[in-house]
Amino acid sequence: MEDTPATTVAQPQGRRERNKLRVKNRIYEAALDLFTQKGYDQTSVDEITEKADVARGTFFNHFQRKEDLIAEWGEQRRLQLRRGLDAEGIPHTQVKDIRVALSRCMSILAAVSLENPLQTKAVLTAWVRAGFPLHEQPYVAHMFGEFIEAGQRIGDISQDVDACLAGNLLRDVYLGTLYRWTQTPEGRADLEADLQSACATLLDGLLPRCPSTK
């Protein structure tokens, strides 16, 4: 989902640690290339190690299972979202306009997916089939929920709204829209526009309605 990002936030200082990170990144990048070209199920660990030019044992020094590469992919998406929001000065615990904040979230999430659309479609499909949406920590839902709480503090959203539930609904909107996009022919759908529209539709049900002026 990115131009083969690093798999840690901070670069280790020691030479040995840097070498280990380079090898891990090479395995990760080789795997994503193969998943994109051949499909996740059709790619073996042996093919990944051959493309990365490492021994089979080296693979298992960094990833216990092939599925761990998908988990790493998801983690990198979350890091990109957080970095994107930080770069724009949008802390998730304090916002001035909930619509603007969530709109920017959707724009960043769309941009992350569109950096490499074919890779996103291949790995997201594997991520869903492997059951990650069901058993991994819903980080994005938690972040959305914190945005909702921030919106409640500034009066944009009613105090009656369950922020946790709203966060999960926004996550469902995001993942559902993203998954539907993966199923459409390339160029037939505008991912960012669809995400923005879905988010706005949900927000219309959360934000206080203006009184009728008859």
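Start by selecting threonine 43: its relative accessibility is 2%, so it counts as buried (under 20% relative accessible area, with exposed over 50% and partly exposed in between, using a 1.4 Å probe and protein chains only). You'll find threonine 43 in the loop between helix 1 and helix 2; helices here are DSSP runs of H or I, at least four residues, numbered from the N terminus. Leaving out neighbours within four places in sequence, threonine 43 is in contact (heavy atoms within 4.5 Å) with Leu34, Phe35, Lys38, Ile48 and Lys66.

A quick note before moving on: this is a predicted model, where local features need pLDDT of at least 70, side-chain atom pairs count only at pLDDT 80 or more, and totals for chains, interfaces and linings use all residues. Residues are numbered from 1 along each chain as its sequence is written, and side-chain values use heavy atoms, with hydrogens and water left out.

Zoom in on phenylalanine 144. Not counting residues up to four places away in sequence, Phe144 touches Leu102, Cys105, Met106, Leu109, Gly167, Leu170, Arg171 and Tyr174.

Now pick out helix 5. Its buried residues include Ile98, Ala101, Leu102 and Cys105. Among what covers the buried residues of helix 5 are helix 4, helix 6, helix 8, helix 9 and helix 10.

Note on methods: Helices (H or I, at least four residues) and strands (E, at least two) are DSSP runs, numbered from the N terminus.
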